[in-house]
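Subject: Model handover and notes

Hello,

Please find the model below, with my notes after it. Could you read them alongside the coordinates?

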Amino acid sequence: MTDRLLHDSLLTTAFSLKSNPGAYALLIGAGVSAPSGIPTAWGVLTELVERLALVSGEPDVSGDAAHTWYRTRFSRDATYENVLEQIAPTSHERQRILRDFFERSPDDIDAERKLPALAHRSIARLARAGVVKVVVTLNFDRLIEQALRGEGIEPTIISSPADVAGMAPLHTLDFCVIHLHGDYLNPTSMLNTADELHGYAPAVSELLRRVLEDYGLIVAGWSSTYDPALRRAIAEHYPARYTLTWVEPGAVSEQARDLRALKKGVLVPLDADTSFGILADAVDALATREARHPLTVAVAVETAKRELSGRATAISVHDTLHAALAELDTRPELHLADRHDTSHFPELLDRIEEASRLPAALIATLVYWGNESTDRWWQPDIERFAVPAGRSGAVMLLNLRMVPGSIMFYAAGIAAVASQRFALLNQLLAGRRLSTTRTQHDTFARCLDAAETYEGVIEPERRHFRFLAPILSEALSLSATAIEDAWQTFEVLRLAAIAATLPRFHGQMDTYEHLNNEINASRASGGDIMAWDRRERVLRDIAQYLPVYAPHVRVLDVRGVEGFRAPTASRLVDAINTQPHHPLISSEFAPSVKELTFALHITSAALGVVGSHKSRQGEILMDLWCDTGESAVD
């Protein structure tokens, strides 16, 4: 299994934990406490037998030989009860002996042993997040309790049949730790031998059954080899409605393999520290972003496609979209009481982007497969999210409300390009937000640019592209390359639409056209270099007023007078000049071929300036992306 698959299985578990808080219990064994330096249950019993052998005059007996010696000497197997009674007659003495195994000595403190391991601390983080409320532990130590208290959680501890009898209903407890095999503070409760582990007291069996029937299970650090009663209980009572996740880094025992296969469990061949660390990190990340499971978007998109392909009105798609937009509009991040404190801005932005994922996917789907009727379902909402949250406060917080607007605007625009719905694209680019103090900047083409909305973000256009491109690829069923091409075309046409509104556009267009005619007339004699130079100055004079930051557009150094240019713009110019019925012309995207051509030349020149600047900043490249300055041919 690859690292990616391992990670994905844990992420699926994390989504399940976050989506169903309190629905999963943990079953942890010796492998979870081993990194802390805590001996296994068998190790403790063996050490006790060795001590008994020592005081009985057998100093060289150790390991398995100690158990053989005990059986020969006393005609019975060694158990905690038997051995402790022989070496420590009183309860106080027995507890004192056992404490030495599980509590920290000065040497342990110096060596930093017998502390909660990463797995214990990560489980406590899951408890603090409210996604796990029950731990069934087979260990005698209380490291999990220590870790929980470190997070401010005081658990209910069940370690004997008497504790079970007096406990409140399990679902009412804030957190419960069930020591299924007892714990060291109650020596008579400790189970370790084959006979002891063959069955549990009735009260304990009933509690275990309730846990297995009512909760999903994540198993870690348990070989299952020596626990027939527990294996039998899982086989009989664990339901199919929850996935059994089994964490085991080493060779899996035959008993564990058979039990996992019976319950169709998922094996995660990582250690407990790594696995629980990933789970806790993932749950924290999901809580920060309040993310949906990725399948939410995929299922919504597939449903929309299916319904849009039918004859009936896709009512459920309409309702799903408006529910998602209503949920987005009520997000507290868009209605901040304090619009000056920017300390949590990155987390706020993450959450807003995540809440925009489903609306963006549905809008792109509706644009690509829908029509003028379905366009009305979402167009007013882009206007609603195109206005900042107010006029007082930090700009980055005021503009947070425009982030969903920008995401939905780009989703619709790129889908319109991909489906060649250029009349709709024209409506989008020319659309205006509600009146603000900056009326000249109120077209969607200008105010919903990522650089305008993502205030305070490094490389905002790059972030915009990385977030939205995978959503569009899934929604439109197009390759990453096709999405990238549509994205560049959208950006070029968006900037061309702005260019056509610049002051002196029409006057400079006539000058540019006149110089073009001079150049064409002189081609037979080798061309007029002066006219080429004057034409380039005309472009640069007006291109400097085009608000171009660093969009995800490729630029190429064509050398000569022109320098860098955008190949996407050049291809559009060639297409509309050679194809009389090009969709951009037939859809009346622009008043004339002449105006659109000039606007595209301005856009190409403005993007070329960005490319030239990026190239001078670092490695000299002739073909690069405006948003990153990285090579476009790698």
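Two strands are taken as paired if DSSP finds at least two bridges between them. Helices (H or I, at least four residues) and strands (E, at least two) are DSSP runs numbered from the N terminus. This is a predicted model, in which local features need pLDDT of at least 70 and side-chain atom pairs count only at pLDDT 80 or more, while totals for chains, interfaces and linings use all residues. Residues are numbered from 1 along each chain as its sequence is written, and side-chain values use heavy atoms, with hydrogens and water left out.

Strand pairing around E8

Strand E8 (residues 554–557) is joined by two bridges to strand E9 (residues 564–565), and the two run antiparallel. Leu-556 has Arg-565 as its bridge partner in E9. E8 also pairs with strand E10 (residues 623–625), again in the antiparallel sense, over three bridges. There, Arg-554 stands opposite Trp-625 of E10. One face of E8, made of Val-555 and Asp-557, is covered, and the face with Arg-554 and Leu-556 is uncovered.

The seven-stranded sheet

An open sheet is formed by seven strands in the order E3-E4-E2-E1-E5-E6-E7, with parallel pairing. Strand E3 (156–158) and strand E7 (266–268) are at the edges with a single partner strand each, so one side of each has no neighbour in the sheet. From one strand to the next, the twist averages 20°. Within this order, strand E1 (residues 24–28) pairs with E5 in the parallel sense over five bridges. Tyr-24 is opposite Gly-216 in E5. In general, strands of a sheet pair through backbone hydrogen bonds, either parallel or antiparallel.

Helix pairs

Axes here are lines fitted to C-alpha atoms, for helices over the stretch in contact, and angles run from 0 to 180 degrees between N-to-C directions. Angles under 35 degrees count as roughly parallel, over 145 as roughly antiparallel, 65 to 115 as roughly perpendicular, and the rest as oblique. A crossing is left-handed if the near helix is turned anticlockwise from the far one by less than a right angle, and right-handed if clockwise. Contact means heavy atoms within 4.5 Å.

The axes of helix H12 (residues 228–237) and helix H13 (residues 254–262) come within 10 Å and cross at roughly 15°. H12 and H13 are therefore roughly parallel to each other, and H12 passes H13 in a left-handed crossing. On the H12 side the contact involves Arg-231, Ile-234 and Ala-235, which meet Gln-255, Leu-259 and Leu-262 in H13. By class, this contact of H12 with H13 has four nonpolar, one polar and one charged residues. For these classes, Ala, Val, Leu, Ile, Met, Phe, Trp, Tyr, Cys and Pro count as nonpolar, Asp, Glu, Lys and Arg as charged, and the others, Gly among them, as polar.

For helix H17 (residues 345–369) and H25, the axes come within 9 Å and cross at roughly 40°. That makes H17 oblique to H25, and the crossing of the two is right-handed. Residues of H17 in the contact include Leu-349, Asp-350, Glu-353 and Arg-357, and those of H25 include Arg-463, Phe-467 and Leu-468. The residues of the contact of H17 with H25 divide into 12 nonpolar, one polar and four charged.

Individual residues

Buried means under 20% relative accessible area, exposed over 50%, and partly exposed in between (1.4 Å probe, protein chains only).

His-464 lies in helix H25 (residues 460–476). With 1% relative accessibility, His-464 counts as buried. Not counting residues up to four places away in sequence, His-464 touches Ser-406, Ile-407, Tyr-410, Ala-450, Tyr-454 and Trp-487.

Glu-455 is in the loop between helix H24 (450–453) and H25. Glu-455 is partly exposed, with a relative accessible area of 34%. Its contacts, leaving aside neighbours within four places in sequence, are Phe-345, Val-395, Met-396 and Asn-399. Glu-455 and Asn-399 are 56 residues apart in sequence and 6.9 Å apart in space, C-alpha to C-alpha.

Most residues other than glycine have a negative phi. Ser-224 is not a glycine, yet has a positive phi of about 70°. Ser-224 is placed in the loop between strand E5 (216–220) and H12, and counts as buried at 0% relative accessibility. Arg-504, also not a glycine, has a positive phi of about 70°. Arg-504 is in the loop between helix H26 (480–499) and helix H27 (505–521), and counts as exposed at 56% relative accessibility.

Regards
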